[in-house]
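Biologist: I'd like to go through this one with you, and I'll keep asking how you know things. Shall we have a look?

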Amino acid sequence: MQIPQIQIRTQDAALFIDADLGKQRIEQPAPTIEMEQIRPEQHFQTTKGRLEINQDRVYDALALGNNLETMSKIYSMASDIALKGIARIVQKGDQMASIHLGGNPIAEMAREWQRTFPEFDFVGEASYDNIDIEYIPGELTIDTTPGRVNYNVQVNKPIIEYERGKLDIYMSQYPKVEIIPPQIDQLI
């Protein structure tokens with residue numbers, strides 16, 4: 001005898017997924033920069049230099065010097081000249097006193113007599129370095145104001161664009177269960 005069998009057939013569910021990726025675009029604009037430059041400044045202030053030339057010793061060497069200085073020189077030499085003059089007079093007196101020794105002292109003194117007075121040499125010392133030169137430099141003052149750069153930076157926001165993708169999920173095949181009963185023959 002045959003035992004009847006029940007047949008069960010199943011069909012699995014099938015999901016269908018249709019997906020497209022989304023698109024994203026990001027753009028970053030450069031920052032906006034405003035820049036201001038303040039230039040440095042310099043101010044110069046000078047005083048004139050001074051050149052001093054003193055030629056007093058040149059004029060003194062040429063006997064063209066200051067009258068007071070020349071008279072002061074003569075005055076300072078006067079006592080020495082007077083002493084030399086007295087010594088010369090004493091020497092001539094001694095020569096005349098020795099007249100008994102022979103010779104002609106009066107004629108010899110007349111030959112030596114001069115009208116100039118070389119003792120009064122009131123000119124200064126002649127030298128190539130008689131001119132005194134002095135230079136006094138001027139002063140330089142520098143006033144500096146430093147420069148600078150002022151920045152004003154504005155950051156721009158990024159531009160973001162997004163397109164959504166699509167995602168479709170649906171049943172491409174539904175599940176099912178089919179039960180097939182056996183055929184039963186009844187004989188009665």
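Predicted model: local features only at pLDDT ≥ 70, side-chain atom pairs only at ≥ 80, totals over all residues.

Biologist: Where does N130 lie, then?

Modeller: N130 sits in the loop between α3 (105–112) and β7 (132–136).

Biologist: And why is N130 called buried?

Modeller: We go by relative accessible area: buried means under 20%, exposed means over 50%, and partly exposed is in between (1.4 Å probe, protein chains only). N130 has 7%, so it counts as buried.

Biologist: Which residues is N130 in contact with, if we skip its neighbours within four places in sequence?

Modeller: Contact means heavy atoms within 4.5 Å. By that rule N130 is in contact with N54, R57, V58, A61 and E125.

Biologist: How much of the protein counts as buried?

Modeller: Of the 188 residues, 5% do. The protein exposes about 17,500 Å², and carbon and sulfur atoms supply 55% of that. Those areas come from the Shrake-Rupley method with a 1.4 Å probe; for residues, only the protein chains shown count as cover.

Biologist: How do you know that the protein is more spread out than a compact globule?

Modeller: First, the parts list: the protein has 3 helices and 12 strands. Its radius of gyration is 68 Å, well over the 16 Å that the globule rule gives for 188 residues, so it is more spread out than a compact globule. That radius is taken over C-alpha atoms, and the rule is 2.2 Å times the number of residues to the power 0.38. Along its principal axes the C-alpha trace spans about 225 × 40 × 20 Å.

Biologist: What share of the contacts between residues at least 6 apart in sequence joins residues at least 24 apart?

Modeller: That share is 96%. L167 touches I17, D18 and A19, not counting residues up to four places away in sequence. The C-alpha atoms of L167 and I17 are 7.0 Å apart, although 150 residues separate them along the chain.

Biologist: Why does L167 count as exposed?

Modeller: Its relative accessibility is 56%, and the cut-off is over 50%, so L167 is exposed.

Biologist: How many aromatic pairs does a search of the whole structure find?

Modeller: The search turns up 1.

Biologist: What makes the pair of F16 and Y170 tilted?

Modeller: Rings of Phe, Tyr and Trp (its six-membered ring) pair if their centres lie within 6.5 Å; planes under 30 degrees apart count as stacked, over 60 as edge-to-face and the rest as tilted. The rings of F16 and Y170 have centres 4.9 Å apart and planes at 45 degrees, so the pair is tilted. F16 is in strand β2 (residues 14–20) and Y170 in strand β11 (residues 166–173), 154 residues apart, and the pair links these distant parts of the chain.

Biologist: Are F16 and Y170 buried, exposed or partly exposed?

Modeller: F16 has a relative accessible area of 36%, so it is partly exposed. Y170, with 43%, is partly exposed too.

Biologist: What does Y151 touch, not counting residues up to four places away in sequence?

Modeller: Y151, in strand β9 (residues 148–154), touches I33, E34 and M35. I33 lies in strand β4 (residues 32–38). Beyond its neighbours within four places, I33 is in contact with Y151, N152 and V153.

Biologist: And why is Y151 called exposed?

Modeller: Its relative accessible area is 57%, which is over the 50% cut-off, so Y151 is exposed.

Notes: Residues numbered from 1 in each chain as written. Heavy atoms only, no water. Helix = DSSP H or I, 4+ residues; strand = E, 2+ residues; numbered from the N terminus.
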